[in-house]
Amino acid sequence: MELIAMALIVAAIIVGQYILYEKTGLKKVFYKLSISTPEAFENDTIEIVEEIENAKWLPLVWVRSEISCSPWLTFKGQTLVRNELDEQRGLISGIFVLRGYRKCRRVWKVKCEKRGIMTIDNVIITASDLFGLSKRAMVLEVTDTVRVLPTPAEMETGELSGDQFIGNMQVRRFVLPDPFMISGAREYTGREPMNRIHWLQTARTGNLMAYKNEFTTERRILIILNMQRSVSAYGQPMNLSILETQIKAAAFALDYCSRVNAECALAANTAERLYVSPNSGYAHIMNALRQLAELENVCGERLDNMMMSLDYNEFTDIILITSCVTEQTCEILEGLSGRGKCCKVFTAGLSEDENMLPPTCEAVHIPRGNFREVR
C-alpha cells in the first residue's frame, strides 16, 4: 500500500507541475533583444543583447530562445536553416534558468561577415517543466536591423599615379590666385595688403617682398560602378564574388577621395540608377557607403547607355569599375581622355577585353580576396 501511495503522490506531483507549467509557464515572461549599433563595417564585431524576465513566483527551470537572423551575422556555434521561402537563415539557441521574479541578461558577440542590411526577424521562446513533458512556445517579432558597410579593397596606393587623385591641381591660369597655394616670394608692388607681405624674405633681401600664389582648380572624381555581368548577359545577376569585389573597389575609391580631400560622385546602373551628387567630407562619404551597402544584384541598364547619358563637364577624373568593356565603352573613355579627363578602369576580371582599352586609360586590377557564398 505504501508503494502504491508513493507512486500516486509522485504521479500527482508530475501531473500537477505539468498542468501548472502548461497553463502559466510563459505567463508574465518578458523578452527584449537589442543591437549595440545600427551600423558597422564588414568584419566588425557587434553585440546582440538578450534580456528575459520572469515576473511571477513560479521558477522557470528550462527556457530556450532561438534567434532567426541573416546568415552573414555569425555567432559562435551558429547553424543554418531554411524557412518556408527556401531562404537560408542563421539560428542561434540559448538556454536560461530563471527563479521567480528574476531577470537574466546575455550578450552575444556577433561578427558582420558581409555588407548589406542584416536582419533579425523573430525570436522563439520555449519554456518546459521539470521533466520536459510540457513545452509551451511563443514567437516574438523583433525585426531589428544592422547596416553593414563595405570595407575598401586591399589595393596599393602606389598603383595610382601620384598626380591624379589630389584635392587641387596647379594650372597655367585661373580667375584668381589661390591664397593657400604659396610658391615663393615676389617684389612688393604697393597693391598688396599688409598681411600679404613676406617679412622673412624682406629681411633677407632688404626690399619689400610679397607672397607669390599659384593658380589652382579643384579636382572632382566620378566613380562609375558597372552592374552588367558581361557584354552579352545584360539582365542576369552578377557573380557574387565579382560584385562584392567591385563594391570594395568603389569603397576604396571613396576612401581615397576622403583622404586626399577631393570631391567625388558615385553612379551605378542599378534597377533605378544610383547617383550620389559630387561633394566631399565625412557625411558625404558615409552616405555613399550606405548606398553601396544596400546595393542589390540587379542591372537596370547597359553600361554604354549610362555612360553616354552622364554629364562629365564638372569632373576631372573618371574611375570605371567593371568586369567587362565593349568597343563603345572604350570609345567613350578615349573621348573623355581627349577632353583632358584622367580615366582609369578598376577591374577584377578583364582579360582579352583589357587590350581594347585606349593607351591613355590605365587598368588597375582589384585583388579578389577570399569570399565565401552561403550554400
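This briefing covers aromatic contacts, salt bridges, strand pairing and surface features. The model is predicted. A search of the whole structure finds 2 aromatic pairs.

**Aromatic cluster**

- The search for aromatic pairs returns 2 of them across the whole structure. The rings of F252 and Y256 have centres 6.1 Å apart and planes at 45°, so this pair is tilted.
- F252 is buried because its relative accessible area is 4%, under the 20% limit.
- Y256 has a relative accessible area of 11%, so Y256 is buried. The rings of F252 and F346 have centres 6.4 Å apart and planes at 50°, so this pair is tilted too.
- F252 is in helix α3 and F346 is in strand β19 (residues 342-347), so the contact ties together parts that are 94 residues apart in sequence.
- Both F252 and F346 are buried.
- F252, Y256 and F346 form one aromatic cluster.

**Charge over a ring**

- R106 places its charged end over the ring of F96. The distance to the ring centre is 4.4 Å.

- K248 forms a salt bridge with E42, with the closest N and O atoms 2.7 Å apart.
- K248 has a relative accessibility of 23%, so K248 counts as partly exposed. E42 is at 6%, so E42 counts as buried.
- K114 forms a salt bridge with E244, and the closest N and O atoms are 3.7 Å apart.
- K114 is buried because its relative accessible area is 12%. E244 is buried because its relative accessible area is 3%.

**Other salt bridges**

- E314 forms a salt bridge with R220, with the closest N and O atoms 2.9 Å apart. E314 lies in the loop between α5 (303-309) and β18 (317-321), and R220 lies in strand β15 (residues 220-225), so the pair ties together parts that are 94 residues apart in sequence.
- E314 has a relative accessible area of 36%, so E314 is partly exposed. R220 is at 19% relative accessibility, so R220 counts as buried.
- E39, R147, R290 and E294 are linked in a network of salt bridges.

**Open sheet**

- An open sheet of 4 strands has the order β1-β3-β8-β5, and its pairing is antiparallel. Its edge strands are β1 (29-35) and β5 (73-74), each of which pairs on one side only.
- β1 runs antiparallel to strand β3 (residues 45-54), and 7 bridges join them.
- V29 has N54 of β3 as its bridge partner.

**Other strand pairs**

- Strand β4 (residues 60-69) is mostly covered, with 7 of its 10 residues buried.
- β4 pairs with strand β9 (residues 116-128) in the antiparallel sense, over 8 bridges. W62 has S128 of β9 as its bridge partner.
- Strand β16 (residues 263-268) and strand β17 (residues 274-279) run antiparallel and are joined by 4 bridges.
- β16 and β17 form a hairpin, with 5 residues between them. A267 has Y275 of β17 as its bridge partner.

**Nonpolar surface patch**

- V15, Y18, I19, L130, F131 and L133 make a nonpolar surface patch of about 570 Å².
- V15 belongs to helix α1 (residues 2-24). V15 has a relative accessibility of 46%, so V15 counts as partly exposed.

Note on methods:
Residues are numbered from 1 along each chain as its sequence is written. This is a predicted model: local features need pLDDT of at least 70, side-chain atom pairs count only at pLDDT 80 or more; totals for chains, interfaces and linings use all residues. Side-chain values use heavy atoms; hydrogens and water are left out. Rings of Phe, Tyr and Trp (its six-membered ring) pair if their centres lie within 6.5 Å; planes under 30 degrees apart count as stacked, over 60 as edge-to-face and the rest as tilted. Buried means under 20% relative accessible area, exposed over 50%, partly exposed in between (1.4 Å probe, protein chains only). Helices (H or I, at least four residues) and strands (E, at least two) are DSSP runs, numbered from the N terminus. A charge sits over a ring if NZ of Lys or CZ of Arg is within 6 Å of the ring centre and within 35 degrees of the ring normal. Patches are made of residues with over 30% relative accessible area and no salt bridge: like charges are joined within 9 Å, nonpolar side chains (Val, Leu, Ile, Met, Phe, Trp, Tyr) within 5 Å. Accessible areas come from the Shrake-Rupley method with a 1.4 Å probe; for residues, only the protein chains shown count as cover. A salt bridge is a side-chain nitrogen of Lys or Arg within 4 Å of a carboxyl oxygen of Asp or Glu. Two strands pair if DSSP finds at least two bridges between them.
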